[in-house]
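Dear colleague,

I am passing on the structure below, together with some notes on its charged side chains. Please read them alongside the coordinates.

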Amino acid sequence: MHFITSFVLAFCSLALSRADDWGYPDWDSDTVSFPKWGELCDNGQRQSPINIDSKKTLKGFFDPLVFENFDDLQNELQMVNNGHTVQLTGFDDDLVLRGGGLLNDYVVEQIHFHWWSEHTINNIRYPLEMHIVHRNTIYPNTSMATQFKDGIVVIGVLFHASPIRNGAIDKIVGNLDSITSASNINKFVSVGNVMAFEELMPSADNYFTYAGSLTTPNCAEAVTWILMAETVPVTFDQVNMFRQIEHHNGKTLPNNYRALQELNDRAVVFVEGDISGAARLTGSLALTLIVLLASQKFLL
Ligand SMILES: *[C@@H]1O[C@H](CO)[C@@H](O)[C@H](O)[C@H]1NC(C)=O
Ligand SMILES: [Zn+2]
């Protein structure tokens, strides 16, 4: 997607996010309508999440993604209930992502979860989606990075329902009880189990990528999305543990996914990594042409 973004050197004009007064609708009620979160969230044109219609994707061959330190054992991992999700920080070393279609190195800022999934694939929703939020290292911090189209990469990992417990998720939710209550919002606790993030990752050979936004206010349109095509298992027991999180006293957060957004004039590229070098070279050349043509047609 950087082919497009680097040709459209637009600067997102950003409104500072409002006070932390936004939330998710109760999808179980009869009169559900998604709340207006303001600014770009309501009037943006390249918002996330989206439904990915696999029949309408463009095929791409990129260099492999490279994950640095994702195999490190994390000893100091912290988690917090921020009133909207369960978020992980406190990584032992910088977790760095490069390669693929990325022009720079991206470092992980935080990892969090959405229950049910935000993205759907062919209109199928998944029980859980993990977001690994990375900042482009050419920018000094996340708030700066969200002002540029190449500022943020989010890796999305979808979890499918399974009778088999996910061992890495168990390590994370093992200590969740201590942060579920609303009185513990924004209180950091130790995850208490040693794990490496690769335990949570599917194969990165095949993925969908498109230019989108943060899925929470201020919905900055700064995100290159990388949604893994392979999914990993989770049980409903495990997802239900996340659903006990309170966002207000006595009010649990049964789901925290944003409504699907319009694709508008964006291309979604399906990257297949599992091919020979020669085919990849031809493929990436063809993709560059296709995306350049698409960007002229749609964006310029
Ligand atoms: C981010 O970096 C910019 C530029 O160095 C600085 O002005 C700003 O205060 C920083 N913001 C935060 C939240 O650290
Ligand atoms: Zn997210």
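With which residue does Lys 56 form a salt bridge, and how far apart are the closest N and O atoms? The partner is Asp 53, and the closest N and O atoms of the two are 3.8 Å apart. Please keep in mind that the model is predicted. Lys 56 counts as exposed because its relative accessibility is 66%, whereas Asp 53, at 24%, counts as partly exposed.

The structure holds eight salt bridges, and two others deserve a description here. Lys 59 pairs with Glu 272, with 3.1 Å between the closest N and O atoms. Lys 59 belongs to strand β2 (residues 58–60) and Glu 272 to strand β18 (residues 269–272), so this pair ties together parts that lie 213 residues apart in sequence. Both count as partly exposed, Lys 59 at 48% relative accessibility and Glu 272 with a relative accessible area of 24%.

Glu 68 forms a salt bridge with Arg 98, the closest N and O atoms being 2.8 Å apart. This pair, too, links distant parts of the chain, with Glu 68 in strand β3 (residues 65–68) and Arg 98 in strand β6, 30 residues apart. Glu 68 is partly exposed at 33%, as is Arg 98 at 26%, and together with Asp 105 these residues are linked in a network of salt bridges.

Finally, Glu 76, Asp 92, Asp 93 and Asp 94 gather in a patch of negative charge on the surface. Of these, Asp 92 sits in the loop between β5 (86–89) and β6 (96–99), and counts as partly exposed because its relative accessibility is 32%.

Note on methods
Residues are numbered from 1 along each chain as its sequence is written. Chains are lettered from A and ligands numbered from 1 in the order in which they are written. This is a predicted model: local features need pLDDT of at least 70, side-chain atom pairs count only at pLDDT 80 or more; totals for chains, interfaces and linings use all residues. Side-chain values use heavy atoms; hydrogens and water are left out. Patches are made of residues with over 30% relative accessible area and no salt bridge: like charges are joined within 9 Å, nonpolar side chains (Val, Leu, Ile, Met, Phe, Trp, Tyr) within 5 Å. Accessible areas come from the Shrake-Rupley method with a 1.4 Å probe; for residues, only the protein chains shown count as cover. A salt bridge is a side-chain nitrogen of Lys or Arg within 4 Å of a carboxyl oxygen of Asp or Glu. Lys and Arg count as positive and Asp and Glu as negative; His and the chain ends are not counted. The place of a charge is taken as NZ of Lys, CZ of Arg, CG of Asp or CD of Glu. Helices (H or I, at least four residues) and strands (E, at least two) are DSSP runs, numbered from the N terminus. Buried means under 20% relative accessible area, exposed over 50%, partly exposed in between (1.4 Å probe, protein chains only).
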